[in-house]
Amino acid sequence: MFRIILFLILIALAALGATWVADQTGTIVLSWDVWRVETTLPAFVLGLGLLVVATVLLWSIVRGLWLAPKRLRRARRERRAARGREAVTRGLLAIGQGDAAAARSHARVARRLVSRDPLTLLLHAQSAQLDGNADRAQRAFRAMAERADTRLLGLRGLFIEAQRADDRAAAVAIAEEALKVAPSSMWASQAALGYRCARADWTGALTILDKNVASGLIDKTLYRRQRGVLLTARALELEQSDRDASRTTVMEAVKFAPTLVPAVVLASRYLSEANQVKRAMRMIETAWLAQPHPDLADAYAHVTPGDSARERLARIETLAEKTPGHPEGAMAIARAAIDASEFARARQVLEPLIAAPTQRVAMLMAEIEHNEHGDSGRARAWTLRAVRALHDPVWTADGYVSDHWRPVSPVTGRLDAFQWQTPLAALPSSRPALVEAELADQAPAEAQRVEALPPAYGHSTAEDGATPAVAVESPSSGGETAPSPGFRTQPDPDKTGASDIPAVIPIVRAPDDPGVDENVQNDGFTEEDSQAARQAGGFRGLLSRRGN
């Protein structure tokens, strides 16, 4: 609206000026040597205007002819770049579709037309990855790593190739180099942290963790938890070699992660040795309220050295009252009651769990029957029932089951991955049990082994926190002991498999999709066509168009 009003005002002023010139009287005389020109003022102004227009037109023609070769070269470059961008787009789409031949063909075209374009290098590298040509992919990623604009992407590609080649030393070096280029790179920090943890370099892992929180990659809550995990791992490692350093480290770990079970158990042990019993009890109670655990119950029972079995039972009952109805509290009381020969109390607390017992509950009942009455038949029945009973919670991370806590997942290298929970392999199944027929034949052999149970039979929760294993003799194996049906067999993977490494670096969006960007910038291939340039009129618009 403002431009329209301004345009009307300019027209009105021009009309007034033309009217004023037309109303002027008199003549204008130009005399030069023998030449003499005499004319009126309106005719002089009109002739001067025509002369100016003719001069501008002549200058435009001469300038256009002078710049014609340059404009032709620029048009050729633009057409070449457009064809190259189209080849890059089609090549990346072919990679997404898994068409290796098409991706390779488009990569050759793009490299011939726009060889220095970053997306061309990415297309060349990913087409090589899709073909399985590691050497060609590494050359392309090295070329990207030598450029400032694609350095981080090239380093990530080299990192993935190093993972595929199982070259951990090279992968760590590349990740650390990427951290120098971009300290806020999440994948590089996680990779460096994971490899530090895999090599048990807890000091280096703590340094990387401090850099992550300084760069804003993780929040304060996660930082405190992960720092507590790393300090606990270092304290457990120093427990046998340097107890003073282990004690100092684990006390710091409890400050950062007061509910981390292994940290609390180790710290309470050191406090108990230093006769700081009340402090140790408060520490265990805090962790117990967050997550009841058999290791916490065992540490609480033995927090005062030299106590009798009945004193330990009374202490465990006090701890279990803080989480009424929790199975861990009932099993902890039953364990302490059996040690104190209070079998009636043990039966009482286990009674609500007998309807659907877990393996630990069944083994506790077998121990009660054996120690209280010497009833080997009932003990054998409870032992066989434990074989097909529900599994108890164990330390689990990414589907991997461990008999003790670990700071890092051996499957993915994720820090603080182990959780105290029931493993997926132990979830109820609709398929019928296949071991019931075999158990009936194995009953006589089991009866002989149950009669020879030691007094502390089934007491494994204080040591490793894992589900007690039950051995069943197979009649077809000549008396050899075979493991009972439990968790599915899963080896300890020391190396990350090639299947966990992505085939190509994922593309967030297609390169021809500009997305939503309010700050539009020229990409070097297209001419600027802003709203202001399109609407500019008058003399300013003429100059802007002539300048382009």
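Let's start at a helix end: Asn133 caps the N-terminal end of helix 5, placing a side-chain oxygen 3.4 Å from the backbone nitrogen of Asp135. Keep in mind that you're looking at a predicted model.

Which of its residues are buried? They are Arg136, Ala137, Ala140, Phe141, Met144 and Ala145. Here's a handy bit of helix geometry: an α-helix has 3.6 residues a turn, so residues three or four places apart point the same way. As for partners, the buried residues of helix 5 pack against helix 3 (100–113), helix 4 (118–131) and helix 6 (151–164).

Is Arg315 buried or exposed? With a relative accessible area of 13%, Arg315 counts as buried because the cut-off is under 20%. Setting aside neighbours within four places in sequence, Arg315 is in contact with Met281, Tyr300, Ala301, Val303, Thr304 and Asp307. Ala297 is 18 residues away along the chain, and its C-alpha is 9.5 Å from that of Arg315.

Finally, a word on confidence. The chain averages a pLDDT of 78, and 77% of the residues score at least 70. Residues 429–499 have pLDDT below 50, although this stretch has 107 contacts in the model beyond near neighbours in sequence. Residues 506–543 are also below 50, with 22 such contacts.

Methods: Residues numbered from 1 in each chain as written. Predicted model: local features only at pLDDT ≥ 70, side-chain atom pairs only at ≥ 80, totals over all residues. Heavy atoms only, no water. Buried < 20%, exposed > 50% of the residue type's maximum accessible area, 1.4 Å probe, protein only. Contact = heavy atoms within 4.5 Å. pLDDT = per-residue confidence, 0-100. Helix = DSSP H or I, 4+ residues; strand = E, 2+ residues; numbered from the N terminus. Polar contact = N/O pair within 3.5 Å; in protein donor to acceptor, adjacent residues only side chain to side chain.
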